[in-house]
Structure formats: structure tokens, C-alpha cells
Amino acid sequence: MSSRLRLLLAAVGLLALAWLLLAALDRALALAQRFMGLPTGMRWLVGGVLLLVALAGAGLGVWWLRPRKPRTPVVAPDRASLEARIERLREADTDVEELRKELGELDRRRESDRTYLAVFGEISTGKSTLIAALVPGASPERDARGGTTRDVVTYETSAWDAPWTVADVPGSSEADGETRERLAREEALRAHAVIYVCAGDLTRTQGDELRWLGDFGKPLLLAVNKADQWTPDELARILSRVREQAGGVPDAVLAISAGGEERFTRRLPDGSTEDVTRRRAANVQPLLDALRQLLAPGSAALEAQRQNAVLAGLHERTGERERAWRGVEAERIVRRYARRAVVGAMAAVAPGSDLVIQGALATGMVRALAALHDVRVTDVEIDNLLRQVRMTLRTGTSVALAVAGNALKAFPGLGTLGGGVLHAFAYALIFDSFGRALAATLAERRTLDQEDAGERMRELLGEAGASRLRHLAELTGEALRDR
Ligand SMILES: Nc1nc2c(ncn2[C@@H]2O[C@H](COP(=O)(O)OP(=O)(O)OP(=O)(O)O)[C@@H](O)[C@H]2O)c(=O)[nH]1
Ligand SMILES: [Mg+2]
């Protein structure tokens, strides 16, 4: 667009704006005149409403501009309780080697006088290239393809008269790279400080990652890499957008060029071609300056936050293993009680005596499952729960019997076990449904939530899949043969 045309357009725009302002002023004056012409009562009413609207607008503005509270940092459980949980898992034959190693590494780093720094971020943002620029002599593998770094690799160096260990980690957000991403996150927790590398605007996932890191309260720098790709104007705009997207989470947002190499094919005057590798100039000085300032207190001063982050990560990992172990254990308990219910159903001699036997068994199962999930239950709570289960079964028994009847036709072997098998099978289905429902409620809600357990049980009774029925048929057969 020629500059004359641009000038003309700007002049037209200004004129239009001035005209609009005049029109608005004229309208405001007309309204004011009409307002003054109103009878006194109406004037008060309209004035009052206008004032209320203005106050509400001002209130909204103040709320919108209020200073945001900093996010509360993650608080980890204390070490002793974590150790006790890990020990309990070990006693239950769960593999806790990895968790213990993490505790060992925590101590090893605490006792060393090194400062640990992790370079974290999405694939291909230039983390390995940055390490090569930060650590003299380090040559981690770098490539334009995402997912080049496959493992955590540490490099030792020294800076500002102190020993440092810098970790290069696999990039996040790689397709099928969950395991590597996990390794990267664990290493980020072990560091005193983290450099988060991006190469342009932050995506939503990157923003989430950054906030996740920020919640541990450790020194965190956001490096916007590959600054050489943009003009100074573009870079200023990108930096200001990234600062906004980062929402004050990192201690500083800096533009850098990690450098690296670029390869291209050059055509020579004689028509032939040659492959050329050219080094890009690196500029990481702003990052070094920020690091120096941020880490001036020394690694000892940053150790508490580092420990907190590692323990918080361990808490999560221990929790995952506990959930898995509880899941397996709950299945074992449910299976045990379902077997007993099968035997109990066959042993019931007088009418209704099965209910007494099964009631005692159901109480035992509730207690066992609650103890497994560390949920305290009173006798009254158990009684209430069983009353509700019986109510569900008033309609549910016919469902269970019908399901069992159909399933028995599919497992003709059970027919040879004699009369009462249908009844026993129905009890296996009922106990299995009740037990699974209760275990799921306890695991998810950590309380004996009757309503939730009842709802889940109804679902499980109604939709027993083929593999579950086969498993229950086998269980019934085994229980009856062992009887
Ligand atoms: N233009 C430009 N390219 C860069 C810069 N830093 C790195 N690169 C290029 O970005 C690509 C990825 O670099 P890497 O260092 O392998 O990236 P990474 O983050 O370690 O990647 P992963 O290990 O896959 O997670 C390479 O082609 C680098 O040459 C930079 O400052 N400017
Ligand atoms: Mg890499």
C-alpha cells in the first residue's frame, strides 16, 4: 500500500471517529435534557438506577483488575510417612525398588555440594542445543527431528566458582512418549532450578506444564529459544505475548538463541551441489545472567524446595502403586467372599437361613475392604449399607437369578453339580457385584458412600459381561467341588 493511500485512509478514519464522538456527545446532551425535564420523583428513580449500574460496572472493573493471588505451592507429605507407606507396599510384595532409589538419590544430592539444573520443555525446542552452549565440551545428540533425546543425561560443569550438574531430558508432547515424558518430569523435580525452553508462543499444554513446574516454587526460567528466526519487532511481540501467557509463573522470561547447526545443499557455479553445515551463532547471555542472579543464594538455600518437589513426586508415585496394589488385593478379597457365599448358599438348610449366613459374610467383606482402603466403618454404617443392599436385591435377585440361569446354560459342566447350583451362582454374582461396587466407591471416595455403592452395584448386577460370568462360573464350580 502506498504511503499516500495510507495517509488518506488514516485521515478518513480520524474523521469518522470525530463524527462518532460528536454524535455520542449530542446524544448524551439530549438525554441529559430529557432527564432534567422529568418530574422530580422519576428523576430520582432514573438517577438511582443509573448510579447502581455505574457502581456495578466499577465493581466489576475492580474485580477484573484485582491482583491475582499467587498459586499455593505444592505441599509434600513428610518423609517419615512416605517411608512408612513404601515399607507397607514392600511388605505386600510390591516392587518398590524405584521409589527407594529416588529416596537414595534425594539424599545423595543433598549431601553433595552441587547445584542441579534441569532443562525441560517440548521436543525440538532446542534443549540439547542449549546444553551444548551452556556446558563446555558437552555434545548431546541434537537433531531437527523431535524425540532425539531418549533418556536423562547429566553433564558436569562449573560456573561462578561452584560445581554444577545440568540435565538434558527427553522432550515432552512426543507421540507415544509418555514413559520418556515421565522420566523428564522426575528429573525436573530433582533439580534445584529448571529452565523451561519453548520456541515461540506457548501452547495450552506448554502453559500447563509451566504451571505444574511453577507450583513447586523452585527457581524457574522461561527461555524463548530460536530468537534468531525473528526480526527484532517480531521478537518483541512474541516475548510480550509469552510473558502474558506465562502469567507470572516463571521468575523471568528471556529470549535466547541456543545456536546449533543447520544443514543445507548448495548449488555450485559448475552446476554440481554440495552439502554444507553451518553453525548458528549462539546467544545465551541473558539466560546466564538471570541464572546467576536467581541462584546466587547457593544450592543449600534451594535445597528445601528441591526436597519438597521430590517428596511430592514420590507421594504421587507411591499413591499410584498403592492404588494398583489395593485394586489387586480388593479383587482377591471379593473372590474369597464370593466363594464362601457359594458354599453358604449350598449349606443353607432351613428357609431363609442363607440370608443369615450371607449377612455375616457380607459384613466380613465390608470390613475387609474398608480396612484395605484405610476407611473406618462403624457397625451402624455396615448395617445401614447391608439393609440398602437387601432392598436393591429385592428386585435385583430376580435379575441375578435370570442372569445366572442364562449363564448356566452356557456352562453345562456346572449342571452335574446337582440342585441348588443356580442359587449358589446367583450369590456368586451378587457378592461379586457388591464387592466390586464397594471397592470402587472406597477407592474413589475414601468413605463408605452408600448411595454410590448401591448405584454401582445395580449396574454391575445388570450388565455382567461374558468374561465376568465365565470367571464366576469357574469360581462357583471350584467352590462346590472343594466343598
Ligand atoms: N534457528 C535455530 N534453531 C535452533 C536453535 N537451537 C536449536 N535449534 C534447532 O532445533 C532443532 C532441535 O534441537 P535439539 O537441541 O535437538 O532440540 P531438543 O529440544 O533437545 O529436542 P528433543 O531432544 O527431541 O526433545 C535442531 O535442528 C536445532 O539445530 C536456535 O537457537 N535457533
Ligand atoms: Mg534433546
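What covers the buried residues of H6? The cover includes helix H4 (97–111), strand S1 (115–121), strand S3 (162–168), strand S4 (193–198), helix H7 (204–214) and helix H10 (299–347). This is a predicted model, in which local features need pLDDT of at least 70 and side-chain atom pairs count only at pLDDT 80 or more, while totals for chains, interfaces and linings use all residues. Residues are numbered from 1 along each chain as its sequence is written, and side-chain values use heavy atoms, with hydrogens and water left out.

Helices (H or I, at least four residues) and strands (E, at least two) are DSSP runs, numbered from the N terminus. The 13 residues of helix H6 (residues 178–190) should span 18 Å at 1.5 Å a residue, and its end C-alpha atoms are 19 Å apart, which agrees; the expected span is 1.5 Å times one less than the number of residues. Among the buried residues of H6 are Arg180, Glu181, Ala184 and Glu187. Buried means under 20% relative accessible area, exposed over 50%, and partly exposed in between (1.4 Å probe, protein chains only).

Glu187 also forms a salt bridge with Arg109, their closest N and O atoms being 3.2 Å apart. Because Glu187 lies in helix H6 and Arg109 in helix H4, the pair ties together parts that are 78 residues apart in sequence. A salt bridge is here a side-chain nitrogen of Lys or Arg within 4 Å of a carboxyl oxygen of Asp or Glu; by this rule the count comes to 44. Glu187 counts as buried at 4% relative accessibility, and Arg109 counts as buried at 4%.

A salt bridge with other surroundings joins the side chains of Glu261 and Arg279 (3.5 Å, N to O). This pair links strand S7, which holds Glu261, to strand S8 (residues 273–279), which holds Arg279, 18 residues apart. Glu261 counts as partly exposed at 42% relative accessibility, whereas Arg279 is exposed, with a relative accessible area of 62%. Leaving aside residues up to four places away in sequence, Glu261 touches Thr277, Arg278, Arg279 and Arg280, contact meaning heavy atoms within 4.5 Å.

The magnesium ion (ligand 2) has Ser128 (OG) and Thr149 (OG1) as its protein donors, 2.0 to 2.1 Å from it. Since Ser128 lies in helix H5 (residues 127–134) and Thr149 in the loop between H5 and strand S2 (153–159), the pair ties together parts that are 21 residues apart in sequence. Donors are N, O and S atoms within 2.8 Å of the metal (3.2 Å for Na, K and Ca); water is not among the atoms, so sites may look incomplete. Both Ser128 and Thr149 are buried.

Key:
Chains are lettered from A and ligands numbered from 1 in the order in which they are written.
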